[in-house]
Amino acid sequence: MGILNLISLIGIFGLCAVAWLFSEHRHPKYFPWKVVISGIILQLILGAIVFAIPGTRDALQIFSNFLNVIFEAADSGARFVFGANIVPVPGQDPQVNLGYIFAFRALPAVIFFSGLMALLYNIGFMQILTNFFAKIFYSTMRLSGAESLSGAANIFVGIEAAIAVKPFLASMSRSELCAILACCFGTAASSVLAIYVSFLRPVFPNILGHLVSASIMAIPACFLLAKILVPETTVPVTAGGIPAEGDRPDDDDEEEAPTETVAGEPMQRMSPLDASIVGALDGVKMAVSIAAVLILILGFVFLINQLFAFLANLPAPVGAFFQVVNLQNILGALFLPLTVLTGVSLEWNELWASSVIIGRRLFETAIPPYQALAAAGASGELSDRAILIVSYALSGFAHLASVGIFVGGVSALIPSRRRDVSAMGWKALFAGTLATMMISCVAGVFYVPGNVSILGVPEEPPAEVVPSPAAPTDEAPAPTEEAPIPDEEAPAPDGEAPAPDETPDGTVGFRSSQTYHIAWHAR
């Protein structure tokens with residue numbers, strides 16, 4: 001184990017200490033020893049499965065390739081709607097290269113994923129996976145049944161996971177509410193993974209499989225950190241086991257029409273096609289919400305940056321101070337201690353760049369930081385280890401824009417507990433942030449330098465073929481009778497292009513349009 005791997009291992013316990021410093025009850029009798037120990041062991045086991053066990057990375061690559069087909073299916077539908085110039089066919093250059101347009105490339109995948117998840121819930125496949133993970137969390141960490149079920153659902157969905165335990169929300173303890181909200185902040189819904197993958201795939205081909213594993217590892221991390229921040233002081237209603245999805249505690253005497261659950265929400269039974277359509281329509285709402293939040297948040301960030309730019313242009317010493325102190329650097333300094341605990345690097349420049357990228361998520365959501373991470377990886381500013389660790393650290397909804405979404409969503413389900421939910425929102429955001437840093441520590445523990453199977457092998461771009469210039473000759477060619485050398489340049493016949501002038505070094509004076517096309521795109 002190298003020094004950086006050791007730092008990452010120590011960082012797991014360091015993050016627990018940070019959570020304990022901000023705990024509501026710091027007395028040792030309230031410390032959730034069993035949850036913390038079992039949660040850390042479970043994360044390390046999952047990390048070993050992903051990184052260390054032979055054959056797992058091959059399985060992860062197969063799984064990533066399988067999921068890539070789903071993204072290609074989303075692109076296929078978007079290509080039909082928007083055209084091949086906006087959503088190009090893989091391996092083919094579009095006639096008009098408009099570049100990567102976020103609204104037409106990333107958001108359609110959200111719509112497709114939402115419909116696909118609704119379909120899988122309708123046929124019962126997702127319930128099997130959710131119950132499987134819920135049993136693991138319940139049996140290993142001894143959580144309440146309701147929070148285990150909600151946490152397991154968070155692996156695949158977002159705020160919809162709270163709907164899976166809606167009948168029990170009103171009777172939950174403050175600790176349970178904090179844990180459920182923390183799982184929302186610490187994980188990323190499967191419907192938005194397409195956005196992150198689209199940015200990082202060129203420098204991190206296996207990113208999709210790692211994002212899925214990050215969502216799984218984040219659940220025990222969220223639970224243990226939330227239980228440290230808000231320890232359980234009562235006995236939960238569902239402490240005895242995992243409730244069945246759709247169960248209600250007080251409706252045994254009511255007769256209802258046959259219902260089923262779609263993404264955890266009870267509704268009248270519908271066909272798989274109806275469920276997928278409803279899910280796609282919900283995906284449209286989600287895509288529009290994502291676009292609206294990005295426009296709002298990035299607009300606010302721009303205004304703040306403009307304020308710092310104005311202050312930076314003031315005379316010294318004020319201007320000189322604000323040339324260094326700006327929003328990104330403030331957030332980078334705020335997250336620097338947590339970034340150090342991940343063991344991302346011992347080099348200051350790389351450590352600082354990683355901290356700034358991670359810190360930007362708090363205000364800008366995870367999408368712009370993932371773009372910045374991809375650019376830093378492509379330019380060589382960050383090493384493979386840093387790319388891996390930062391990608392895990394960003395894999396969650398732990399940003400300010402999500403506070404309104406998650407707190408508002410859960411409050412709408414239980415209006416009587418609105419005050420408790422609002423109070424838990426900020427603690428859950430802190431727990432979710434620490435959880436994403438903790439899973440990045442787990443990734444740092446198992447990272448092995450030089451193992452290309454972890455990140456994958458990026459595809460090499462095709463080499464450009466540029467005509468080589470004519471080789472210069474020492475002697476001028478002798479004139480012949482068939483090709484006399486004129487004293488003056490004769491005009492070209494009508495309809496023909498003038499011959500290229502030869503330069504002193506033997507090259508022609510202009511290049512073909514094809515060469516100009518290649519050179520332009522090379523810029």
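I take two aromatic rings of Phe, Tyr or Trp (its six-membered ring) as a pair if their centres lie within 6.5 Å, and I call planes under 30 degrees apart stacked, over 60 edge-to-face and the rest tilted. I work on a predicted model, in which local features need pLDDT of at least 70 and side-chain atom pairs count only at pLDDT 80 or more, while totals for chains, interfaces and linings use all residues. I number residues from 1 along each chain as its sequence is written, and my side-chain values use heavy atoms, with hydrogens and water left out.

**Entry 1, aromatic rings.** I found 11 aromatic pairs in the structure. One of them joins F22 and F430, whose ring centres are 5.1 Å apart with planes at 75 degrees, so I record this pair as edge-to-face. F22 sits in the loop between α1 and α2, and F430 in helix α20, so that 408 residues separate them and the pair links distant parts of the chain. I take helices (H or I, at least four residues) and strands (E, at least two) as DSSP runs numbered from the N terminus. For accessibility I use relative accessible area: buried is under 20%, exposed over 50%, and partly exposed in between (1.4 Å probe, protein chains only). F22 is exposed at 52%, and F430 is partly exposed at 25%. I also noted that ring pairs link F51, Y392 and F446 into a cluster.

I count a charge as over a ring if NZ of Lys or CZ of Arg is within 6 Å of the ring centre and within 35 degrees of the ring normal. R142 lies over the face of Y138, 4.7 Å from the ring centre.

My criterion is a side-chain nitrogen of Lys or Arg within 4 Å of a carboxyl oxygen of Asp or Glu. This rule gives six salt bridges. In one of them, K427 meets E24, with the closest N and O atoms 3.8 Å apart. K427 is partly exposed at 26%, as is E24 at 30%. I found E24, R174 and K427 linked in a network of salt bridges.

**Entry 4, two further salt bridges.** E364 and R360 have their closest N and O atoms 2.9 Å apart. Both lie in helix α16 (residues 348-364), four residues apart, about one turn of the helix, and both are buried. E232 bonds with K227 in a salt bridge at 3.5 Å between the closest N and O atoms. E232 is partly exposed at 26%, whereas K227 is buried at 4%.
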